[in-house]
Amino acid sequence: MTSYTELGLVNTKKLFEKAVSGGYAIPAYNFNNMEQIQAIIQACVETKSPVILQVSSGARKYANQHILKNMAKGVVEYAHELGYDIPIVLHLDHGDSFELCKDCIETGFSSVMIDGSHLPYDENVALTRKVVDFAHSQKDYVTVEGELGVLAGVEDDVSAEHSHYTQPEEVIDFVGKTKVDSLAISIGTSHGRAKFKPEQCTRDANGILIPPPLRFDILEEIEKKIPGFPIVLHGSSSVPIEYVHMIEKYGGKLTDSVGIPEEQLRKAAKSAVCKINIDSDGRLAMTAIVRKILVEKPEEFDPRKILGPARDELKKLYMHKNQNVLGSAGRA
Ligand code: G3H
Ligand code: 13P
Ligand code: ZN
């Protein structure tokens with residue numbers, strides 16, 4: 001049993017309070033390996049941004065929980081060595097059972113998401129409340145994110161064909177009964193690099209897909225019901241077209257890619273949305289550079305010369321998000 005404070009981590013409580021009142025969002029970046037976590041920390045230290053390091057259950061299987069825990073501990077020391085101590089949260093992304101959340105809490109996670117969004121409402125409430133009771137009764141308070149409404153696309157083992165927007169009428173009851181610390185909502189974002197079907201989009205003069213706007217009207221309704229309560233947006237990659245083109249130029253095939261425009265995320269970050277989840281954009285950046293190097297330098301076989309430049313590109317991407325999209329730069 002390890003408490004997150006022993007690892008030098010923090011929970012999301014104060015970070016979210018400050019983000020909601022300050023009109024910005026904390027980046028929640030997923031990681032599975034060393035290069036990703038290094039890039040996240042370098043970018044967040046350099047931009048003086050707080051950060052949430054997210055681990056999905058797939059990532060946990062891929063990397064091993066003991067390794068992940070010690071990576072988180074390691075990057076707290078790494079940030080210090082880089083010259084600036086930023087608040088770092090280790091968060092379980094899309095936890096699907098009480099046992100998984102408990103396990104993560106006992107290994108040193110400072111925050112967990114219990115995703116009961118695909119369950120009938122009462123079952124979602126009961127499961128979420130069970131996780132909250134356990135998390136909040138720890139010696140060091142662990143924060144919990146719940147979800148209401150379903151995002152289209154794949155959430156680990158849970159996948160949905162269509163999104164079901166969050167119903168504003170339900171949020172007061174859900175937050176009151178579960179005692180969650182933050183609430184993920186569905187207002188039109190979705191997971192992955194193809195967030196909308198082409199028939200849901202229009203096209204610009206160059207044939208690039210333009211997605212339908214997020215449902216800010218639903219977000220406003222929710223904010224009226226639970227003023228100042230921390231809201232989370234999943235599925236918030238922008239799917240930069242430059243990376244898609246680079247990947248395709250060097251042999252990849254990513255048909256009909258489309259993400260959430262940065263302008264809309266900027267707008268969301270100014271509201272009670274205080275955590276914005278980004279995974280796919282990092283995958284695209286890494287893949288684009290890896291493909292480019294493998295094609296342009298066929299003699300290269302040192303992984304450091306392939307993954308090192310990919311890590312540099314990732315850092316650039318995260319710095320851009322913190323500074324120009326989420327507004328988290330300078331808030332650590
Ligand atoms: O929401 C899903 C995240 O992008 C994690 O994806 O389950 O493939 O690790 P993953
Ligand atoms: P993206 O697929 O848009 O990056 O979303 C990631 C996410 O929501 C992780 O929980
Ligand atoms: Zn998600």
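**Exercise 1. In which sense do strands β11 and β12 pair, and over how many bridges?**

Solution. Find β11 at residues 231-233 and β12 at residues 273-278. The two strands pair in the parallel sense, over three bridges. Now look at one residue pair: L233 has I276 in β12 as its bridge partner. Keep in mind that this is a predicted model.

**Exercise 2. Which strands make up the closed barrel?**

Solution. Follow the order β1-β2-β3-β4-β5-β8-β11-β12. That gives eight strands with parallel pairing, closed into a barrel.

**Exercise 3. Which strands do helices α3 and α5 lie against?**

Solution. Start with α3, residues 34-46. Helix α3 packs on the sheet and touches β1 (26-30), β2 (51-56) and β3 (88-95). Its direction makes about 165° with that of β2. Then go to α5, residues 65-82. Helix α5 lies across β2 and β3, and runs at about 150° to β3.

**Exercise 4. Which protein atoms are donors of the zinc ion (ligand 3)?**

Solution. The donors are NE2 of H94, NE2 of H191 and ND1 of H234, lying 2.1 Å from the zinc ion. Along the chain their spacing reads H-x96-H-x42-H. Now place two of them. H191 sits in the loop between β8 (182-185) and β9 (202-203). H234 sits in the loop between β11 and α10 (241-249). The pair is 43 residues apart and links distant parts of the chain.

**Exercise 5. Is H191 buried or exposed, and is H234 buried or exposed?**

Solution. Buried means under 20% relative accessible area. H191 has 18% relative accessibility, so H191 counts as buried. H234 has 1%, so H234 counts as buried too.

Technical notes: Residues are numbered from 1 along each chain as its sequence is written. Chains are lettered from A and ligands numbered from 1 in the order in which they are written. This is a predicted model: local features need pLDDT of at least 70, side-chain atom pairs count only at pLDDT 80 or more; totals for chains, interfaces and linings use all residues. Side-chain values use heavy atoms; hydrogens and water are left out. Two strands pair if DSSP finds at least two bridges between them. Helices (H or I, at least four residues) and strands (E, at least two) are DSSP runs, numbered from the N terminus. Contact means heavy atoms within 4.5 Å. Axes are lines fitted to C-alpha atoms, for helices over the stretch in contact, and angles run from 0 to 180 degrees between N-to-C directions. Donors are N, O and S atoms within 2.8 Å of the metal (3.2 Å for Na, K and Ca); water is not among the atoms, so sites may look incomplete. Buried means under 20% relative accessible area, exposed over 50%, partly exposed in between (1.4 Å probe, protein chains only).
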